[in-house]
Amino acid sequence: MPSLPDLTLIVAATQQMGIGRHGTLPWTGLKKEMAYFARVTKRLPPGPQNAVIMGRRTWESIPARFRPLPGRVNVVVSRSWAAAAAAAATASMAGSLEEALRMLGERQQQQQQAIGRVFVIGGAQIYAAALARREARRVLLTRVRSEFECDTFFPVRLAEGGNGDGGWRRSGQAEMDAWVGEEVPRGVQSEAGTEYEFEMWERVD
Ligand code: FOL
């Protein structure tokens, strides 16, 4: 059985782990934050493209002009055939996260389209499905320090000092830079009146 690729979850969340409201991001105007998302999910060990796996609602939340996310293999997970058909014109469709991973694994094996890194980009249901799997090794978390009202939450609380869920450890800045492949801006960033910080978390075995 071919081994499945490691999964990296990438998310921006408030202190309460809020990630969305009314089908979209809770905040607006975090341009540099979004640019970080695009840069990191695109960047490669040169050669293959990275893949982004997302739920159908996340797909619909991305502005049409940015869909499919350019320079990345887009896979959309949906249980509904009709919704799948609508997205299928421009992205690969899968009925479940398992199927998405199997598809990427097969592509990899047949070398049709070698895949670099695999990112899970949300939303809550797909994050939860990914976190239930051993392959989910890492979370690139942008911790938004201002509070926003949210109706959708990241399913694990990542926090230092015993306030978080167990099984995860925050990486040091050097480890983060090495994995991300750039010098990630350090400390609290401020944009559009919102403060945030770039973090990386790894599963503790
Ligand atoms: N992770 C982080 N760190 N920040 C996010 O905003 C984020 N958003 C999602 C998942 N993980 C995230 C899901 N939502 C686009 C829009 C919404 C979205 C994800 C991506 C999007 O349009 N991306 C374009 C960039 C467009 C731009 O430069 O403004 C892309 O090419 O990635």
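This is a predicted model: local features need pLDDT of at least 70, side-chain atom pairs count only at pLDDT 80 or more; totals for chains, interfaces and linings use all residues.
## Pairing of strand S1

Two strands count as paired if DSSP finds at least two bridges between them. Eight bridges connect S1 to strand S7 (residues 136–144), and the two run parallel. Within that pairing, Thr 14 has Val 144 of S7 as its bridge partner.

Strand S6 (residues 115–120) also runs parallel to S1, and three bridges join them. Here Thr 8 stands opposite Phe 119.

## A strand covered on both faces

Side chains in a regular strand alternate between the two faces of the sheet. Is S1 buried or exposed on its two faces? Both are covered: Leu 7, Leu 9, Val 11 and Ala 13 are buried on one side, and Thr 8, Ile 10, Ala 12 and Thr 14 are buried on the other. Because eight of the eight residues of S1 (residues 7–14) are buried, the strand is largely enclosed by the rest of the structure.

Most residues other than glycine have a negative phi, and most peptide bonds are trans. Let us look at some exceptions.

Met 17, in the loop between S1 and strand S2 (18–20), has a positive phi of about 65°. Met 17 counts as buried because 21 C-beta neighbours lie inside 10 Å. Ala 192, in the loop between strands S10 (189–191) and S11 (194–203), has a positive phi of about 50°. Ala 192 is exposed, with 12 other C-beta atoms within 10 Å.

Arg 67 and Pro 68 are joined by a cis peptide bond, with omega about -10°. Pro 68 sits in the loop between helix H2 (56–61) and strand S4 (72–77). Another cis bond joins Gly 122 and Gly 123, with omega about 0°, and Gly 123 lies in the loop between S6 and helix H5 (124–131).

Notes
Residues are numbered from 1 along each chain as its sequence is written. A residue is buried if 20 or more other C-beta atoms lie within 10 Å of its own, exposed if 12 or fewer, and partly exposed in between; C-beta atoms are placed from the backbone. Helices (H or I, at least four residues) and strands (E, at least two) are DSSP runs, numbered from the N terminus.
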